[in-house]
Amino acid sequence: MIWNPEAECMPPYARKRLQLANLKNLVEKVYDKVPFYRRKFEELGITPRDIHNLEDMAKLPFTTKDDLRETYPYGLLAVPEAEIEEIHMSSGTTGIPVVDAYTRKDIEIWGEGMARTLSMAGGRRNDIVQNAYGYGLFTGGMGAHYGAKTIGANVIPMSAGNTQKQIQVMKDFGSTMLTCTPSYALFLGEAIHEAGHNIREFRLRAGCFGAEPWSENMRKEIELKLNIKAYDIYGLTEITGPGVSSECEMQNGLHINEDLFYPEIIDPVTGQVLAEGEKGELVFTTLTKEGTPLIRYRTRDITCLFSESCPCGRTTIKMHRLFGRTDDMLIIRGVNVFPSQVEQVLIAIEGTDPHYQIILTRGESHLDEMEIMVEVQEKFFTDETRGLEVLRAKIETEIRSKLGVHAKIKLVEPKTIERSIGKAKRVIDKRVI
Ligand code: DLL
């Protein structure tokens, strides 16, 4: 079902007109109300009057995560504090959180974005949405909650964790949709089987999973284990949370809510705007945000955009599932490696599960060493060491051929690697530079 056909199926020329009108409003507003942007505009020698068409976007300054941290907590507010009704934050790695502050209208629009997301996954009024994203400062819980309420579904606010209770509720209340991180979905699927339940007796039929990278093969595993259709959904705290883009029933690229968030792809080194189809850093301008609007926010996420006529009827531009992040990229002895590439290799090899951890060290020779801990399925973890050695050697060879780096592979028993109820921790970097 298409939640908002007017917005989602609008002819592209009409959408461009709407985007331009909203962009002009936005630029005037931040120039007037946010000293940080006024200063940035002045440094570039531009004013809102220089924005005549969407191509003029390239004249505008970028906003970075550092800018957000430097203006913490309220430096980017474009409305009086009294108009803010909710705050969310993500902590990231440096400790200074990035903040998103929402007005009432921002929350409504968030619910609208997530209503579109859930509808793409077949969500309707009579659905029972088991929301296992964490509630709190993280945007997953509240975002999915607002979306489920907007479509009029029954939302069960489970939050993350408490796996046995999740299974009991899913069974007893007949949850039809699940929202959580993909790693937790997989974990839940395994726990359901281990508890001796037959998943076919559950009513679950779809799940909206995001907030961390996952691969096509991981989708297949989740779909199999939970007996559902699994949809990729994307978003980030800085520009609202989930509900920025999501997959429709074609499961082939994520439709971006372009009327709300204007996407660009840039070369992460030069900042040049790249053409459709080219891989680069995803940049968003929040076209309707009131509380903390952002101009050309550099997400550090790597993807490409493509517009094609989607059989689902939506006309919005799509983004490819993420290839990685500019700051997730590991440089191992000079070779660029993304954790998602490791996952792709592992999942294609029979006998392994997508539970893995990459450990980086720097040995006495001062060279980077990569070790990958890989969980082996119970049935392969026999006493027969030869079989395991064959598997280990196979993974090592595949990693070398697909990624171009050597990794020491350590096979471990099922459930050795710590499970996460939220985002999985895939990399432990112990290198001292
Ligand atoms: O993760 C918002 C969210 C909640 C998205 C629930 C989807 C579902 P942050 O904690 O600020 O916000 O993290 C944002 O997570 O820049 C990406 O690097 C990554 N990410 C989000 N969705 C996906 C996805 C939420 N579908 C950061 N695939 C983003 C891969 C994702 N990475």
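Buried means under 20% relative accessible area, exposed means over 50%, and partly exposed lies in between, for a 1.4 Å probe and protein chains only. The legends below describe a predicted model, in which local features need pLDDT of at least 70, side-chain atom pairs count only at pLDDT 80 or more, and totals for chains, interfaces and linings use all residues. Residues are numbered from 1 along each chain as its sequence is written, and side-chain values use heavy atoms, with hydrogens and water left out.

**View 1. I428 in strand β21.** I428 belongs to strand β21, which covers residues 427–429. Strands (E, at least two residues) and helices (H or I, at least four) are DSSP runs, numbered from the N terminus. Because its relative accessibility is 26%, I428 counts as partly exposed. Contact means heavy atoms within 4.5 Å. Apart from neighbours within four places in sequence, I428 is in contact with Q357, I358, I359 and L360. The C-alpha atoms of I428 and G351 are separated by 24 Å, and these residues are 77 residues apart along the chain.

**View 2. The two domains of the protein chain.** The chain is divided into domain 1 (70–327) and domain 2 (335–429). These bounds come from an automatic or database domain assignment. Taken over C-alpha atoms, the centres of domain 1 and domain 2 are separated by 28 Å. To the contact, domain 1 gives 23 residues and domain 2 gives 17 residues.

**View 3. The crossing of helices α2 and α3.** The axes of helix α2 (residues 12–33) and α3 come within 5 Å and cross at roughly 105 degrees. α2 is therefore roughly perpendicular to α3. Axes are lines fitted to C-alpha atoms, for helices over the stretch in contact, and angles run from 0 to 180 degrees between N-to-C directions. Angles under 35 degrees count as roughly parallel, over 145 as roughly antiparallel, 65 to 115 as roughly perpendicular, and the rest as oblique. On the α2 side the contact is made by V27, V30, Y31, D32 and K33, and on the α3 side by P35, Y37, R38, F41 and E42. By class, this contact of α2 with α3 has six nonpolar, no polar and four charged residues. Ala, Val, Leu, Ile, Met, Phe, Trp, Tyr, Cys and Pro count as nonpolar, Asp, Glu, Lys and Arg as charged, and the others, Gly among them, as polar.

**View 4. The crossing of helices α9 and α10.** Helix α9 (residues 216–226) and helix α10 (residues 339–347) have axes that come within 8 Å and cross at roughly 55 degrees. This angle makes α9 oblique to α10. N217, M218 and E221 of α9 make the contact with E343, Q344 and I347 of α10. The residues of this contact divide into two nonpolar, two polar and two charged.

**View 5. The surroundings of W214.** W214 is found in the loop between β6 (206–210) and α9. With 6% relative accessibility, W214 counts as buried. Not counting residues up to four places away in sequence, W214 touches P182, F209, R219, I222, A230, Y231, D232, R321 and E343. The side chains of W214 and D232 are joined by a polar contact of 2.8 Å. A polar contact is a pair of N or O atoms within 3.5 Å; within protein, one must be able to donate a hydrogen and the other to accept it, and residues adjacent in sequence count only if both atoms are side-chain atoms.

**View 6. T63 and D67.** T63 is found in the loop between α3 (35–44) and α4 (65–70), whereas D67 lies in helix α4. T63 counts as buried at 0% relative accessibility, and D67 counts as buried at 10%. Leaving out residues up to four places away in sequence, T63 touches F36, Y37, L68, L294, I295, R296, Y297 and R298. With the same exclusion, D67 touches F36, K40 and F62. The side chain of D67 also reaches the backbone nitrogen of T64 at 2.9 Å.

View 7. R296 lies in the loop between β11 (280–286) and β12 (297–303). R296 has a positive phi of about 45 degrees, although it is not a glycine, and is buried, with a relative accessible area of 2%. Q251, in the loop between β8 (241–247) and β9 (254–256), is not a glycine but has a positive phi of about 50 degrees. At 19% relative accessibility, Q251 counts as buried. P73 is found in the loop between α4 and β1 (86–90), and the peptide bond from Y72 to P73 is cis, with omega near 0 degrees.
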